[in-house]
Amino acid sequence: MPGIPSLTRLAAAVAAAGAAAAVAGCGPIDAALGQQWAVVNFKPDTTAATLAQVRSTCSHVPHVRPVARSQVKSSLGVTYSVRYETSQATGANLAALQSCLLGFTAVAGVSFEDISDQG
C-alpha cells in the first residue's frame with residue numbers, strides 16, 4: 001500500500017507539531033517557576049533612610065535587581081524588607097550580594113527563595 005508511508009509521515013508531522021505547541025506553551029510556566037529572589041530582613045527600629053541606603057549600596061551586584069519595598073505588619077509593628085530579583089544571578093553574584101548586605105548592622109538576615117517557598 002503506497003499510501004501508508006505518507007500517512008505515517010503525516011501522523012509524525014502532526015505529532016511533532018503538537019509537541020512543539022505544547023513545549024511553546026510551557027515557556028511562561030517555566031519562566032515563573034525559574035523566578036528566584038533574595039529577601040533582606042532588617043532589625044527593629046531600622047530607619048527608612050538606612051533601608052534605602054542598603055538597597056542602593058548593594059544594587060551594584062551583576063544580575064541582581066532590587067524590587068519594590070514590601071511592608072510586613074505584625075503585632076510588633078511594621079517591618080520593611082528589601083527584595084532583590086536574582087533569577088539570572090550566579091552563585092558568585094549571590095555571595096557578593098550577601099556579603100554586601102551583611103556589611104550593614106541593620107540587616108537581620110537574608111533568605112534566598114524561589115517559587116517553591118510560596119504558600
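**Notebook: a look around R65 and beyond**

I started at R65, which is partly exposed at a relative accessible area of 47%. For my own reference, buried means under 20% relative accessible area, exposed means over 50%, and partly exposed is in between, with a 1.4 Å probe and protein chains only.

Before going on, I noted that this is a predicted model, where local features need pLDDT of at least 70, side-chain atom pairs count only at pLDDT 80 or more, and totals for chains, interfaces and linings use all residues. Residues are numbered from 1 along each chain as its sequence is written, and side-chain values use heavy atoms, with hydrogens and water left out.

**Salt bridge.** What does the side chain of R65 meet in a salt bridge? I found E85, at 4.0 Å from N to O. The rule I used asks for a side-chain nitrogen of Lys or Arg within 4 Å of a carboxyl oxygen of Asp or Glu. R65 sits in strand 2 and E85 in strand 3, 20 residues apart, so I have this down as a link between distant parts of the chain. My count by this rule came to 1 salt bridge. Helices (H or I, at least four residues) and strands (E, at least two) are DSSP runs, numbered from the N terminus.

**Confidence.** I checked pLDDT next, the predictor's confidence in each residue, from 0 to 100. The protein's mean is 75, and 56% of its residues reach 70 or more. Helix 2 (residues 27–33) has the lowest confidence, a mean of 48, while helix 4 has the highest, at 95. Over residues 27–32 the pLDDT is below 50, and this stretch has 1 contact in the model beyond near neighbours in sequence. Contact means heavy atoms within 4.5 Å.

**Helix 4.** Which residues of helix 4 (residues 91–101) are buried? I listed N93, L97, C100 and L101. On the face turned away from the buried side I found the exposed residues G91, A92 and S99.

**Disulfide.** The structure holds 1 disulfide, a term for a pair of cysteine sulfur atoms within 2.5 Å. C58 and C100 form it, with their sulfur atoms 2.1 Å apart. C58 lies in the loop between helix 3 and strand 2, C100 in helix 4, and the two are 42 residues apart. The torsion about the S-S bond is about -90°, so I wrote it down as left-handed. C58 counts as buried because its relative accessibility is 0%, and C100 counts as buried at 16%.

**Loops.** I then looked at P62, in the loop between helix 3 (48–57) and strand 2 (65–74). P62 is partly exposed, at 46%, and its C-alpha atom is 9.0 Å from that of Q88, 26 residues apart along the chain.

Is T86 buried or exposed? I have it as buried, at 2%, in the loop between strand 3 (77–85) and helix 4. Leaving out residues up to four places away in sequence, T86 touches Q36, W37, A38, H63, V64, L94 and L97.

**Strand 4.** My last stop was G109, in strand 4 (residues 107–114). G109 touches V39, V40 and N41, again not counting residues up to four places away in sequence.
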